[in-house]
Structures are given as structure tokens and as C-alpha cells.
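Subject: The structure you asked about

Hi,

Here is the structure, ready for you to open alongside this message. My notes on what turned up are below it.

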Amino acid sequence: MAGSESRSLTCQAGVRIRSVGQAQCRTGVRVILALDCRTWTLPDSCAMQIKPFRIEQYFGKYEFTAKYLLSSSDAESRTIQELLDLEPGSHDRFLKHWCGYTESPGAPVLREVVSAMYRGIPPRDVLVTAATEEGIFVLYHALLSPDDHVIVETPCYESALEVARSTGAQISEWRRCFENGWAHDLAALEKLIQPNTKIIYINTPHNPTGLLMSANVFQQVMKLASARGIIVFCDEVYRELEHDPATRLPAACEIYERAVSLGSMSKTYGLPGLRLGWLASKDAGILDRCLEFKYYTSICSSAPSEFLSALALRHREVLVQRNREIVLRNLPLLASFLRQRSNLFEWVKPNASPIGFVRFKPQCDVLSFCEEAVNKAGVLLLPGTVYDQPRHIRFGYGRKNMPEALAQFGAYLDAHS
Ligand SMILES: Cc1ncc(COP(=O)(O)O)c(C=O)c1O
């Protein structure tokens, strides 16, 4: 056995587990439990089954070598110096900030500033996570078992679907499509609900379309869920980057007791390097179970990230204003670019977020098209294949140098027409 580790703990059924070991075998890692008097080897099928994360794999391959990023979902970032400049005295305070463990639900000062972003959400209703991604992982794994059923709005950010599936729960997709303007079909959602439906995942503003759910659909989803006690897991990482702030929806956690809002430093505020997110919910039971799970993932978030996140959120109007200005400057350029090439592209113009999902009209392989664009022109686009949407390409318009990236892509297209 390679690399075994011994622990002693009591599992839920009250059986004492003497030791837990991991052995390397031909098909991967096998877990061995030594119970009080017997040793059990769990079959390989007990290892968490999860598909490759195609969106992140694609970015992992090109994001740090491509010259022009034309598909990023995070708005323009800033340096630590620029963040510290937002608040007098913070430079010194940051250098003196203690780097011990922080409180597992999140540093009190950060939970307070996050709670102030919502109506009727006190700090105890906020659980800070080490990146939004941890929030997705923790919530699904803390709440789901193979007896449960989950409905996921698709296309979606892949982990919203695949992490849910990895718990063994049964998954149904609430599908949207370009052909009907990415509309939400409420009747279809209602038909998907089963007696054991535990969670409905929605995402607004939406990745990849950059569209907001309409207020009516949003209310109806809450109504369908609340009539059955179903948890609504609402991914709101692009909230506050509505192109018209008047169209902003309430946060799900504000209007439904069993909703969980997922928030992030990464997108609207442009600070993905802080790797910090949060879950907000009025349902203490849900957050307690997520916290229990978080003890097994990160225990607590990074102290410097919590400090910088709290500081950034205290000044978030500055961050949001700058990033909305970039988005509103770039979006018309992209819209006119696509209009001029309407033989190649069509889309439903986004109304929120820094991304949009564009239909590529030629019947060709978008993965090869995007790979050629990055390899030959240095322009990174995201092929819709990573969303199981093989006729689409995701564009991003939240970066300052987007006009330059677009010009480069245009020149490449013209040269290859
Ligand atoms: C809709 C959505 N949810 C969650 C995440 C994960 O965010 P983070 O990078 O903050 O973990 C992303 C990142 O692209 C996303 O688009």
C-alpha cells in the first residue's frame, strides 16, 4: 500500500473506524477502512466520479499564453496597491494583518460587509468560502445524497451540473436554447419537478448568455420551489453588473427562506485572484451543514484574501462603476462587429455581465475554429462545445484591451475569409 494514513473516528452509524488508508491500484486510488475488527476495501466505483471540467481545462491550456483574451468572464482586475489606495491607512493595516487561521464561517468584518450588500441578511446568514467554486462543491456535497433529485438550468457553468452529479444525485436539466431566444420555459420546469427534488440551481445574470432572468420568471421559480420546500441555489456571481442597474433582481436569499445566493469577488469586482466567495441564506440549517462540510475542504478562508475582500467590498461602488463603464464601452463595439459579420454570427444581445454567447453560422467545428484563432492570431475565444453547445462561441467584453483584441480577431477573420 502506497502512502497510508491512520485516523480513528466514529461514523454516523456508530461503527468505530480504526484507520483509513489509501492504496494505489491499477485503476486509481482505493480507500481502505479498518473497522473495529474487520478490514473493508471499498470498490473503485466508490471513488468520486466527476467528468473533466472542460471550461477550466480550455482556459488552463491557453489563458496564460494567449496574447488577447476575448472570452473572459471576469471583469478588469486591479493590483493590491490599487485596492489599498482605496482606503487611507489600509497599507499599514494590511502589512500588520495576522496570518493565523480565521473563523471558519468567515472573518466577522467580512461577513458584516457582505451582509450589508443584501436586504434582511444579517452576518450570521453569510458563510464565506475559499472561492465561489468551494461554495458550489460544499453546498452540493453537504446537502445531496443518491436519493435526491436536482434540477439544473443549462447551459451552465460546468461545475453547477457536474459537481451535483458527482454526489450520485439524479440530475435533470432545465434546458434553454438559442432558437427561442434563451427563454425560460416555466411549464417545462414544473414538469421536471419530482417528489424527491431537493435543489433547483439557477444562474442570473447567466453564464454563458449574459442574460438576466426576467423578474416574472424569477418570482415564479421561487413560487414553484417554495410550494414544495425545494431549495433554490441561485448563482449570482455577475450580480451588480447588470448593464442597466434598474433591471437588477432581488437576491434570491432576500425573497425566499430556502434560497441560497452564491456570491463572488471574481466577476463583477474583477478580483478572481483573491479566491473568495460566499453563500448567503436565511436557512441556518443549510448553512450549518455547508460549514460542517467546509471543515473538510478549506477549514477557513485565506486571511489576506478576507482582509482585501472586505476592503474592496467597502468600496465596491468604485469597482462596479469602473467595470460597468468598460462593459458599456466595449459592448457596442462587439455588437457592431457581429452586425458587420452577420454572415458568420448572430446572438441575443446580453443585458448583464461581461459575456455573451454568439451563434457561429457556418456549419463547422467551433472547437477547431477557436483553436486556430488562438494558435494563429493569439485571440482566446471559448468554444461552445465546453457547454455542449457546439454551434456557439463565448465572447467576453469586460477587459480594457478588448477593442485591441477584437481588432486582432477581425484582422484574422478578414485574412481568412
Ligand atoms: C456562473 C459561475 N459560477 C461560479 C464561478 C466560479 O467562480 P470563482 O472563480 O469565483 O470560483 C464561475 C466562474 O467562471 C461562474 O461563471
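Before the sheets, one term: two strands pair if DSSP finds at least two bridges between them. Please also keep in mind that this is a predicted model.

With that term in hand, look at the open sheet built from four strands, which follow one another in the order β13-β14-β17-β16 with antiparallel pairing. Its edges are β13 (345-347) and β16 (382-383); each has a single partner strand, so one side of each is left without a neighbour in the sheet. Three bridges hold the antiparallel pair of β13 and β14 (residues 355-360).

Is β9 mostly covered or mostly open? Mostly covered: seven of its seven residues are buried. For the protein as a whole, buried residues account for 42% of 417. β9 runs parallel to β7 (residues 149-154), and four bridges join the two. Within that pairing, V150 is opposite I199 of β9. β9 also pairs with β10 (residues 231-235), again in the parallel sense, over five bridges. There, I202 sits opposite C234 of β10.

Now to the helices. Two packed helices are described by the angle between their axes and the distance between the axes. For α13 (residues 366-377) and α14 (residues 402-416), the angle is about 105° and the axes are 11 Å apart. Angles of 65 to 115 degrees count as roughly perpendicular, and α13 is therefore roughly perpendicular to α14. Which residues make the contact? From α13 they are A373, K376 and A377, and from α14 they are Q408, F409 and Y412. Sorted by class, this contact has four nonpolar residues, one polar and one charged.

Finally, the overall picture. The protein has 14 helices and 17 strands. Of the contacts between residues at least 6 apart in sequence, 68% join residues at least 24 apart.

Happy to go through any of this with you on screen.

Best wishes

Key: Residues numbered from 1 in each chain as written. Predicted model: local features only at pLDDT ≥ 70, side-chain atom pairs only at ≥ 80, totals over all residues. Buried ≥ 20, exposed ≤ 12 C-beta atoms within 10 Å, placed from the backbone. Contact = placed C-beta atoms within 7 Å. Axes fitted to C-alpha atoms, helices over the stretch in contact; angles between N-to-C directions. Parallel < 35°, antiparallel > 145°, perpendicular 65-115°, else oblique. Nonpolar A, V, L, I, M, F, W, Y, C, P; charged D, E, K, R; others polar.
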